[in-house]
Amino acid sequence: CNAVRFAHSRGTVHRDIKLDNVLIGRFGDVYLADWGIATDIGHSSADLCGTPGYVAPEMVNGDPVDERTDVYLLGATLHEILTGEMRHQASTSLAAVLKAAESQPHDYGRTVPSALAALVNDACHRDPSRRPVDAQAFRDRLAQYLDHRQAMALGRESARLVDELEALPLDSEDVADRERADRLIAQATFGFERALSDWEGDDDTLAARERFEALVRRRRE
């Protein structure tokens, strides 16, 4: 992201950001390579270039490219890190390009934290005006996730405890079931309090806590 920001400050768009072009040095230094199809901000071309599995829709349509084009490619790169597949995964280059032109949001399910899923789908929005405004904005949202991932991990663990609680029968007369339910409620309560005291903005944790509170009310009734 920092390399992209620097390029944009010099009026240049990379147009081919992807995992293969991100190099990590021996001491953690990061390089963005392969500037062979880089161009000026505002340039438009009738010739399609770039990598079909990553390209932004404006690159397919021959519209002008700018900072938000590289933001799209940053999002597509993060998508591959999260899923192991390119954003426009397809059996042929033509099919990948057609998927790029449509740029539909991806359903990540529960395997990807919602903050990262939202970041990628926002960055890869078909409408450039709906994307993070520049590489700095993309970087800020990614940094926010990294700053709060411990709280989010605690939230996910608390959500798992809610799943266990949900699996217990509500009307069980078994003493072991009741004791287990009490223990799960106490652990989940503590986990949600700790997670949300560290960061109140995690939608996944907030949704899980809401489900937890509703379940506890049903058990009390």
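Visitor: How many disulfides are there?
Guide: The count comes to zero, taking a disulfide as a pair of cysteine sulfur atoms within 2.5 Å. Cys 1 is in none, and the nearest cysteine sulfur, that of Cys 124, is 13 Å away. Bear in mind that this is a predicted model: local features need pLDDT of at least 70, side-chain atom pairs count only at pLDDT 80 or more, and totals for chains, interfaces and linings use all residues. Residues are numbered from 1 along each chain as its sequence is written, and side-chain values use heavy atoms, with hydrogens and water left out.

Visitor: Is Cys 124 buried or exposed?
Guide: Cys 124 counts as buried because its relative accessibility is 1%; buried means under 20% relative accessible area, exposed over 50%, partly exposed in between (1.4 Å probe, protein chains only). Cys 1, at 27%, is partly exposed.

Visitor: New topic. Where is Ser 172?
Guide: Ser 172 sits in the loop between helix 6 (135–167) and helix 7 (175–198); helices are DSSP runs of H or I, at least four residues, numbered from the N terminus. With 12% relative accessibility, Ser 172 counts as buried.

Visitor: And what does the side chain of Ser 172 make a polar contact with?
Guide: The side chain of Asp 177, at 2.8 Å. A polar contact is a pair of N or O atoms within 3.5 Å; within protein, one must be able to donate a hydrogen and the other to accept it, and residues adjacent in sequence count only if both atoms are side-chain atoms. The Ser 172 side chain also reaches the backbone nitrogen of Asp 174 at 3.1 Å.

Terms used
Helix = DSSP H or I, 4+ residues; strand = E, 2+ residues; numbered from the N terminus.
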